[in-house]
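Hello,

Here is the structure for your files. My notes follow below it.

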Amino acid sequence: MSADTSSLLSQAVSQRSSNPRQAEKLFKQILSVKAAENDADVTRDQETALVELGELYRDEGNAVELEKVLLMAREITSTTAKAKTAKLILQLVNLFSTLPLASSKTTNSSVPTLQSVLTSSIEWARSTHRLFLAQSLSLRLASAHLSTHAYRPALNLVNTLLPELKRLDDKLLLAEVHLLESRVYQSLKNLPKAKAALTSARTAANAIYCPPNAQARLDVQSGILHAEDGDWKTSYSYFFEAFEGLSNLVENDRGRASSGSGGNDVGVAGAGVGAITALKYMLLCKIMMNLPEDVTTLLSGKLAAKYATHREVESMKAVARAHANRNLKEFRAALRDYKEEFSTDPIIRQHLSALFDRLLEQNLLRIVEPYSVVEIAHVAKLVDQGIQQVETKLSQMILDKVLDGVLDQGRGCLLLFDQADNDEGYADAIKMIDEVGKVVESLYSKAMTIA
């Protein structure tokens, strides 16, 4: 029987790319075999068939069939060891998060399926007393809630998991849960709680050996929180540590794969995506520190050079060029040309919005500097922005005391006042009055003593 399933498996794997329907039929034929309790070969072939069939449906974007594969996996592995079952179930669940969005009918159409699958899988794991699997799936469900901006359900799951993990003293999973908690609070702009959760995550991670991937995620979150405070130098150092660790992880995995020692393609892909994200944040730090010329130097380095042609990195290079030229038109063109790359990353989108406002403010100051009265329409034409947007920005600059002037909306003009020289006589007069007051108080004290 094991020889039959092995031959069927090899045929199915070989036909998966060329004839997916035939491969699907063969995989299902393998899964329909009733394996004896002591037949480890058939069980192993069925586990491999489950993963291969799941990847086939993942590549096709078929979330419904992928859910059925997961249900089959529960039945087939109901009598196997809990650790092996957990590994297989988690592997299949991870396929849902990598479903190609391009094949979906609507935006994020796979997410409800992912959440329903995770919820049912957690219930099944707890009913069969697979506590570790249930906790790992709960963490993935909380992450799915975060990706859909459902912050309250995510925090409820985190608050449920933390007491369980502290009781079991599972430091690695505890660090992951605290890290997720930090990301949720950071999304809610509650920075004190986000920093506290990140500190708890680092404390748990320092108590054990922390895998490079997990350490990199901690570093990236630290960099994001420092960026929120405007500490770009410290933020850059954290992103650099994360990028270096993930790049080395990619190289090590590729080396094992090329030497035939079983490299993990999934690990390589995950680390590669993480390395690009860390590099993108490094470039953002350079731009926000007004050092756009360092972007080219940074991308010429040994580790960063292989990612330089990636579209997400190209988007940051375009922003750096626009910032170096102080050109709003180029900046808007970069935002338009790489709209998809920027729209999927809220961190980049938030800071680029602030950078655009700063660049607009600098351009407005440069334009209005020679004038005492200038038409708002003329200013808007020079910066190539809408009149309403320029008027709003000018009023904000006046309120922030960046500009000394007033808006005459009736005439559509900006009236600028001359900068008055600071008369030091007033400050000296106040200082003299203070000193005289001290003398009077001293004389009063002596008079009271004599009396």
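First, a term: a patch joins residues with over 30% relative accessible area and no salt bridge, with like charges joined within 9 Å and nonpolar side chains (Val, Leu, Ile, Met, Phe, Trp, Tyr) within 5 Å. A salt bridge puts a side-chain nitrogen of Lys or Arg within 4 Å of a carboxyl oxygen of Asp or Glu. Areas are Shrake-Rupley with a 1.4 Å probe, and for residues only the protein chains shown count as cover.

The model is predicted: local features need pLDDT of at least 70, side-chain atom pairs count only at pLDDT 80 or more, and totals for chains, interfaces and linings use all residues. Numbering runs from 1 along each chain as its sequence is written, and side-chain values use heavy atoms, without hydrogens and water.

The surface patch: M432, V436 and V440 form a nonpolar one, with about 290 Å² of accessible area together. V440 sits in helix α22 (residues 424–450). Helices are DSSP runs of H or I, at least four residues, and strands are runs of E, at least two, numbered from the N terminus.

Next, α21 (residues 387–399). Just after α21, K401 has a positive phi of about 65°.

Last, S7 belongs to helix α1 (residues 2–15). S7 and I30 are 23 residues apart in sequence and 9.9 Å apart in space, C-alpha to C-alpha.

Best regards
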